[in-house]
Amino acid sequence: MKMFGLHRTIPRFFRSLFWKLSLTFLSLLVVLAVAYIYITAFTAEMYFQEANQRLNASVAKHIAAETQPIVNGKVQQKKLETLFHNIMILNPSVEVYLLDTQGRILAYSTPGKDIQRTSVSLEPLQKFLQNRGASFVMGDDPKDIHGEKVFSAAKVENGGRLEGYIYVILGGEGYDSAMQFLLGSYILRLGGRAMGFTLIVAAVIGLVGFAFMTKSLRATIRTVREFQQGNLEARIPISSSIEMNQLGTAFNEMADTLVHHIQEIKTMDNLRRDLVANVSHDLRTPLASVHGYVETILMKGNTLTEEERLRYLTTVLHSTEKLKKLVEELFELSKLEAKQTTPNVEPFSIGELVQDVVQKYQLLAEQQKVSIKTIFPHHLPLVTADIALIERVFQNLLDNALKYTPENGVITIQLESTYNKVNVNVADTGYGIPPEELPYVFERYRKGSQLSLESDHGAGLGLAIVKKILEVHGISISVFSKVQEGTSFSFNLPVEASLLR
Ligand SMILES: Nc1ncnc2c1ncn2[C@@H]1O[C@H](COP(=O)(O)OP(=O)(O)OP(=O)(O)O)[C@@H](O)[C@H]1O
Ligand SMILES: [Mg+2]
């Protein structure tokens, strides 16, 4: 809850990835700058002290050799005073102490200020003497109870006997001002400015870099939002970074899939709407006719002649047959379109099937004075398909051929075997289909316009069913037609695989 409150009070920009990255980066730069200043100051100071100690390592030795400040255990006050005086004149930053063998302070050169220690530790002193001033050692500062300073030291000996030590604090009190000099140094100031400049350049480069890096992220967010707001065309542009690219590609693919599904749903929806509209239209006519005739028969009752009654009832029968066929076809097609029909594929003899179907149509053909011919070789290989569905294909093609072929016409069913297929061709010598209608004959509710036999026209579902049946088998069908000459449909059925070996 608190987080929410906090989020609301921080402006959006400061919550952005760019700002967070930049802030982290700038903080790093500041840490770096502080560390740099501290390290530079510390090393400069240490260097200064080390140089001071090395340069002045032999000062104490010279003093000891020149002055002889203790003779037989007695401090030579007079000599010391002259020495201290001279030193004060030559270098006021140097403090000279005379120590006894235990490190106790016997005398010192700066009378102005009181000393805080009565003795100094001999340990750093011994170390200094051992290394002859070649190493960097800090010793006790007598004027500061906790302080340490660089020094020079030498033994005071008399006839080979150790009498004490000369202990010289280098830099002394003047050292602090030397440190100040260091900080105020021109070179250091120059270095500081160069450092500042470098940091500013780094900060600018960093910020520009981050702005650049987060650019593709911002573009991605923009695109996703656009898509969310309904622009289905919005796609993320290809970016140079691998991660952003992967994200972009994944989103684009997802968007494609979504758009594809939406289109599929829309098409299905349109089809369904068409279907409902067409079905209600197609059902209305035969239903109205049935209704009308039945009503008349009931109303007129006994006044109807036997002949009239027979005629009316025949029309009713005809209409109900039409209705039955229509409903069956619609049911069949909707099952095929909803992909509920899976073909029960099995090997069968196509020749036998054709003979059977032709037999069933023979009577009808004779009535219409149309002949049906079959042409196929004796030994046809077995084909694999759903035999019941293929029978429906022949029925629909023959229905059409009979319906659209005038008297004395010929319908020819020809089967031809190639290496792995049996080609089926159903041709008639009928009215033919005009070229402008040819591309649409397989669409449902496509009914020919040129025929005079309006009453015999079906619902326009037959060829749509044929095409769908072959489609679920993975087979395509083609049609050739010439007006007043005839029409032929042809497709291939696959030969059973075991026969191919
Ligand atoms: N053999 C053919 N000769 C001429 N025209 C044809 C032939 N077969 C189909 N057609 C044309 O194609 C149209 C569509 O045929 P389809 O079989 O799909 O519908 P239909 O025969 O009108 O109705 P249904 O088959 O549903 O009873 C027909 O209306 C007709 O105009
Ligand atoms: Mg038909």
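Against which elements do the buried residues of α3 pack?

Guide: This is a predicted model, in which local features need pLDDT of at least 70 and side-chain atom pairs count only at pLDDT 80 or more, while totals for chains, interfaces and linings use all residues. Residues are numbered from 1 along each chain as its sequence is written, chains are lettered from A and ligands numbered from 1 in the order in which they are written, and side-chain values use heavy atoms, with hydrogens and water left out.

Helix α3 covers residues 59–67, and its buried residues are A60, I63, A64 and T67. Here buried means under 20% relative accessible area, exposed over 50% and partly exposed in between, with a 1.4 Å probe and protein chains only; helices (H or I, at least four residues) and strands (E, at least two) are DSSP runs, numbered from the N terminus. Viewed down the axis of α3, these buried residues fall within an arc of 95°, so they line one face of the helix, the arc being that of the directions from the helix axis to the C-beta atoms. As a general point, an α-helix has 3.6 residues a turn, so residues three or four places apart point the same way. The exposed residues K61, H62, A65 and E66 are on the other side of α3. To come to your question, the buried residues of α3 pack against α4 (77–90), β3 (95–99), β6 (148–158) and β7 (161–169), where contact means heavy atoms within 4.5 Å. After α3 comes Q68, whose phi is positive, near 50°.

The secondary structure of the protein chain comes to twelve helices and 14 strands. The radius of gyration of the chain is 57 Å, well over the 23 Å that the globule rule gives for 501 residues, so the chain is more spread out than a compact globule; that radius is taken over C-alpha atoms, and the rule is 2.2 Å times the number of residues to the power 0.38. Along its principal axes the C-alpha trace spans about 170 × 65 × 35 Å, and 36% of the 501 residues count as buried.

The largest nonpolar core has 51 residues, and those with the most contacts inside it are I350, I390, F394, L470, F491 and L493. Such a core is a set of buried Ala, Val, Leu, Ile, Met, Phe, Trp, Tyr and Cys residues joined through side-chain atoms within 4.5 Å. Helix α11 (residues 387–403) gives the most to this core, with eight residues. Both domain 2 (242–334) and domain 3 (343–500) contribute residues to the core, so it lies between them. A second, separate core of 18 residues includes I70, F84, V150 and I166. To return to F394, its contacts, leaving aside neighbours within four places in sequence, are I350, L353, V354, V357, I413, V424, V426 and F491.

Strand β14 (residues 486–494) has seven of its nine residues buried, so it is largely enclosed by the rest of the structure. Eight bridges join β14 to β12, and the two run antiparallel, with V422 opposite L493 in β14; strands count as paired if DSSP finds at least two bridges between them. Strand β13 (residues 477–482) also pairs with β14 in the antiparallel sense, over six bridges, and V479 stands opposite F489 in β14. A hairpin is formed by β13 and β14, with three residues between them, and Q484 in the turn has a positive phi of about 65°; at 59% relative accessibility, Q484 counts as exposed. L438, in the loop between β12 (421–428) and α12 (462–472), touches I433, V479 and S481 when residues up to four places away in sequence are not counted. The C-alpha atoms of L438 and V479 are separated by 7.8 Å, although the two are 41 residues apart along the chain.

Terms used: Domains from an automatic or database assignment.
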